[in-house]
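Okay, everyone, thanks for coming. Let me put the model up, and then we'll walk through a strand and a pair of helices.

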Amino acid sequence: METIKKKAAIVTGASSGIGYAISKKLSALGYEVFGFGRNFENAKWDTADSIHPIVCDILDTDKLCVCIKQIAKAHEVHILVNNAGVGYYGLHEELNPDKIKKLVRTNLEVPMILTQQLLRHLKKNAGYVINISSVTATQTNPHGCAYGATKAGLASFSHSLFDEARKYGVKVVTIFPDITQTNLYRNADFQEGDVLESYLLPEDIAEAIEWILRQRKGVIVTEITLKPQIHRIKKRNLTQIREL
């Protein structure tokens with residue numbers, strides 16, 4: 001009897017936070033998930049999860065492309081989730097070239113490369129490209145100019161890619177989350193508020209993706225913005241930041 005292959009999904013930044021929650025959700029929905037991350041020591045997978053952790057620095061383009069080609073050769077890739085991200089905040093003059101390069105490469109270059117590597121497969125499988133942007137993409141960011149610019153670039157890429165690839169059955173979705181309880185703000189002088197209504201949970205973004213995938217054939221949700229009910233953040237002092 002011929003074995004029926006499970007649809008495969010690729011998720012970056014899968015070792016924690018939003019990527020971890022998305023990987024768990026896609027596995028529960030029946031996908032074979034290949035999650036990219038640098039360290040999975042704190043990731044707790046259930047035995048029932050169909051999740052394959054791949055230790056890889058996504059800024060190592062050669063290694064990343066080799067891994068992607070191996071997955072695409074052996075599996076039917078239906079979903080690419082470009083989730084991995086890095087954030088540096090504060091006055092722009094206080095950044096340095098290395099931080100700026102890391103922002104641009106992680107938040108924008110890698111998603112474009114991964115999409116290019118997988119687009120023919122996603123066309124064949126009428127698949128999804130889901131880009132995790134940020135609400136900062138749609139507003140001014142005087143406390144994070146470079147970060148907001150990379151997320152705006154990712155959103156622009158998504159919009160154009162959808163118009164380019166929609167006739168081939170590819171669905172391109174941009175999700176714009178507000179402040180979420182993740183490690184993204186570990187380098188910032190602020191963090192999420194002290195009440196649940198003041199921040200999103202990673203599971204909120206994962207549930208939004210499930211809703212997107214459950215739309216009937218022929219309907220595509222191209223954008224979703226998620227915000228907490230209350231706008232509130234907490235300031236952290238410099239000592240706290242150095243200790244993280």
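When I say buried, I mean under 20% relative accessible area, with exposed being over 50% and partly exposed in between, using a 1.4 Å probe and protein chains only. Helices (H or I, at least four residues) and strands (E, at least two) are DSSP runs, numbered from the N terminus. This is a predicted model, so local features need pLDDT of at least 70 and side-chain atom pairs count only at pLDDT 80 or more, while totals for chains, interfaces and linings use all residues. Residues are numbered from 1 along each chain as its sequence is written, and side-chain values use heavy atoms, with hydrogens and water left out.

So, which way do the side chains of β6 point? Lys171, Val173, Ile175 and Pro177 go one way, Val172, Thr174 and Phe176 go the other, and all are buried. That strand covers residues 171-177.

Now its neighbours; strands pair if DSSP finds at least two bridges between them. β5 (residues 128-132) runs parallel to β6, joined by 5 bridges, and valine 129 sits opposite valine 172. β8 (residues 223-226) also pairs with β6 in the parallel sense, over 4 bridges, with proline 177 opposite leucine 226.

Over to the helices. The axes of α2 (residues 61-74) and α3 (residues 97-124) come within 11 Å and cross at roughly 30°; axes are lines fitted to C-alpha atoms, for helices over the stretch in contact, with angles from 0 to 180 degrees between N-to-C directions. Contact means heavy atoms within 4.5 Å, and the residues making it include Leu64 and Ile68 of α2 and Val110 and Ile113 of α3.
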